[in-house]
Amino acid sequence: MGINKIKIRAAREEEVERIAEIEASCFPEAEAAGLADFKERMKAFPENFLVAVDGDSIVGFINGCNTDKPILGDELYHDATLHKPNGEIQTVFGLDVLPQYQHRGIGHQLMRAYIEHARTHGKKAVILTCKEQKITFYESLGYKKQGIADSDHGGAVWYDMQQWF
């Protein structure tokens, strides 16, 4: 698999099961969104799902809702009705790449495409939360650490990260 073969494109509704499978392989059970969550999200904000494809196989994805709040609160993960179609801030709920495809630049490709998607749709920022070991990855993409997030998602410690345009 060469990185040149990876294509980033909009996800399709019929791919939601594959997206949920990838999520389950990338996050501990307490942190992973389930199939029902992804179906709800796909109905609420399908335009905010991008996938990385190697040939005919989805090997990664990124998704999140729109909001007007500069901090990604846990409630957004659990209630797709909080998505604000015209919200000025794009969130990242998850950036997932299958373990066997990691460390090949696919996460960077997905994130760069997502940031560009946010810019072209008039967003003012992209925000996310991440664990401490991922801070430098997100900083390399232009995010700034804001401190420890007010989140208890999955019982982990999370950090708020923001990128303003």
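How many disulfides does the structure hold? The structure holds 0 disulfides, a disulfide being a pair of cysteine sulfur atoms within 2.5 Å. This is a predicted model, in which local features need pLDDT of at least 70 and side-chain atom pairs count only at pLDDT 80 or more, while totals for chains, interfaces and linings use all residues. Residues are numbered from 1 along each chain as its sequence is written, and side-chain values use heavy atoms, with hydrogens and water left out.

**Overall fold**

- The chain comprises 5 helices and 9 strands; these are DSSP runs numbered from the N terminus, with helices being H or I of at least four residues and strands E of at least two.
- Starting at the N terminus, the order of elements is β-α-α-β-β-β-α-β-β-α-β-α-β-β.
- The radius of gyration is 15 Å, close to the 15 Å that the globule rule gives for 165 residues, so the chain is as compact as a globular protein of that length; the radius is taken over C-alpha atoms, and the rule is 2.2 Å times the number of residues to the power 0.38.
- Along the principal axes, the C-alpha atoms fill a box of roughly 40 × 35 × 30 Å.
- Of the 165 residues, 48% count as buried, where buried means under 20% relative accessible area, exposed over 50% and partly exposed in between, with a 1.4 Å probe and protein chains only.
- Among contacts with a separation of 6 or more, 65% come from residues 24 or more positions apart; contact means heavy atoms within 4.5 Å.

**The sheet**

- An open sheet of 5 strands shows mixed pairing in the order β4-β5-β7-β9-β8; two strands pair if DSSP finds at least two bridges between them.
- Strands β4 (66-67) and β8 (144-148) stand at the edges with a single partner strand each, so one side of each is left without a neighbour in the sheet.
- Helix α4 packs on the sheet and touches β5 (89-92), β7 and β9. Its direction makes about 160° with that of β5, the axes being lines fitted to C-alpha atoms, for helices over the stretch in contact, with angles from 0 to 180 degrees between N-to-C directions.
- Strands β4 and β5 are antiparallel over 2 bridges, and T67 has I89 in β5 as its bridge partner.
- Strands β5 and β7 run parallel and are joined by 4 bridges, with I89 opposite A125 in β7.
- Strands β7 (residues 125-130) and β9 (residues 159-164) run antiparallel, joined by 6 bridges; here I127 stands opposite Q162 in β9.
- Both faces of β5 are covered, with I89 and T91 buried on one side and Q90 and V92 buried on the other.

**The nonpolar core**

- The largest nonpolar core has 48 residues, of which M111 and Y143 touch the most other members. Such a core is a set of buried Ala, Val, Leu, Ile, Met, Phe, Trp, Tyr and Cys residues joined through side-chain atoms within 4.5 Å.
- Helix α4 (residues 106-120) gives the most to this core, with 6 residues.
- Beyond its neighbours within four places in sequence, M111 is in contact with I62, V92, L95, L128, Y138, L141 and Y143.

**Individual residues**

- C65 is in no disulfide, and the nearest cysteine sulfur, that of C130, is 17 Å away; C65 is buried at a relative accessible area of 1%.
- C130 is likewise in no disulfide, the nearest cysteine sulfur being that of C26, 15 Å away; C130 is buried at 3% relative accessibility.
- H103 lies in the loop between β6 (94-97) and α4. H103 has a positive phi of about 65° although it is not a glycine, and H103 is exposed with a relative accessible area of 81%.
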